[in-house]
Amino acid sequence: MMNSRQSNTMAVKLYNNIVAALMNRNEAKEAQKEGRIYGPLSVLRNLFIEKKRARVLIRGVKRVKVKVTGYLRAFDKHCNMILFDVLETSALRLAETPLKSRHMNQLFIRGENVVVVSVDPTAPENDENDQKIRRGSRGR
């Protein structure tokens, strides 16, 4: 019978083996030497460090309910997130034009409801507000 420590160690080894199989072995070794994080949470980490606008799709009961875009302020291993300067849009289907849209200063998203997290492709690169956020001020 295994105790919880052995079980956790086995789970970590299994995860590392899966990631190493997906990546080139040399890339995995270089990433470990440099202390880079790879895997699902690396997207959140890169969005946080590079201060890029994130796009998060949030699920409803039967379908994707809302698309939210904003800057990542904090996150954890469960994909709970705090976003600021948030634009929320909802539509009947994702491909349709938005039915309603609203702006919020700050939003907490529970990780259980997150479907997809990605870099927002519609965010302008040289937006004035974006430059203020990169410098550290909120643009108020």
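C79 is partly exposed, with 23% relative accessible area (buried is under 20%, exposed is over 50%, and partly exposed falls in between, using a 1.4 Å probe and protein chains only). This is a predicted model, where local features need pLDDT of at least 70, side-chain atom pairs count only at pLDDT 80 or more, and totals for chains, interfaces and linings use all residues. Residues are numbered from 1 along each chain as its sequence is written, and side-chain values use heavy atoms, with hydrogens and water left out.

Back to C79: it sits in the loop between β2 (64–75) and β3 (81–90). Helices (H or I, at least four residues) and strands (E, at least two) are DSSP runs, numbered from the N terminus. C79 isn't a glycine, yet its phi is positive, at about 65 degrees. K51 also has a positive phi without being a glycine, at about 55 degrees. Look for K51 in the loop between α3 (41–50) and β1 (53–59); at 35% relative accessibility, K51 is partly exposed.

## The nonpolar core

The largest nonpolar core has 15 residues, and the ones touching the most other members are V56, V68, L83 and I109. Here a core is a set of buried Ala, Val, Leu, Ile, Met, Phe, Trp, Tyr and Cys residues joined through side-chain atoms within 4.5 Å. At least two residues of this core come from each of α3, β1, β2, β3 and β4 (100–109).

What does V56 touch, if residues up to four places away in sequence don't count? Its contacts (heavy atoms within 4.5 Å) include V66, V68, M81, L83 and I109. V114, V116 and V117 are also among them, and so is K67.

## Aromatic pairs

There are two aromatic pairs in the structure. Rings of Phe, Tyr and Trp (its six-membered ring) pair if their centres lie within 6.5 Å; planes under 30 degrees apart are stacked, over 60 edge-to-face, and the rest tilted. F48 and F75 make an edge-to-face pair, 6.2 Å centre to centre with 70 degrees between the planes. F48 belongs to helix α3 and F75 to strand β2, so this pair ties together parts 27 residues apart in sequence. Both partners are partly exposed: F48 has a relative accessible area of 36%, and F75 has 29%.

Y71 and F84 form a tilted pair, at 5.8 Å centre to centre and 35 degrees between planes. With Y71 in strand β2 and F84 in strand β3, the pair ties together parts 13 residues apart in sequence. Y71 is buried at 5%, and F84 is buried at 12%.

## Salt bridges

Side chains of opposite charge can pair when their charged atoms come close. The count here is five salt bridges, each a side-chain nitrogen of Lys or Arg within 4 Å of a carboxyl oxygen of Asp or Glu. One of them joins K52 and E50, at 3.4 Å from N to O. K52 is partly exposed at 30%, and E50 is partly exposed at 35%.

Another joins D85 and R53, whose closest N and O atoms are 3.6 Å apart. D85 is in strand β3 and R53 in strand β1, so the pair ties together parts 32 residues apart in sequence. Both D85 and R53 are buried.
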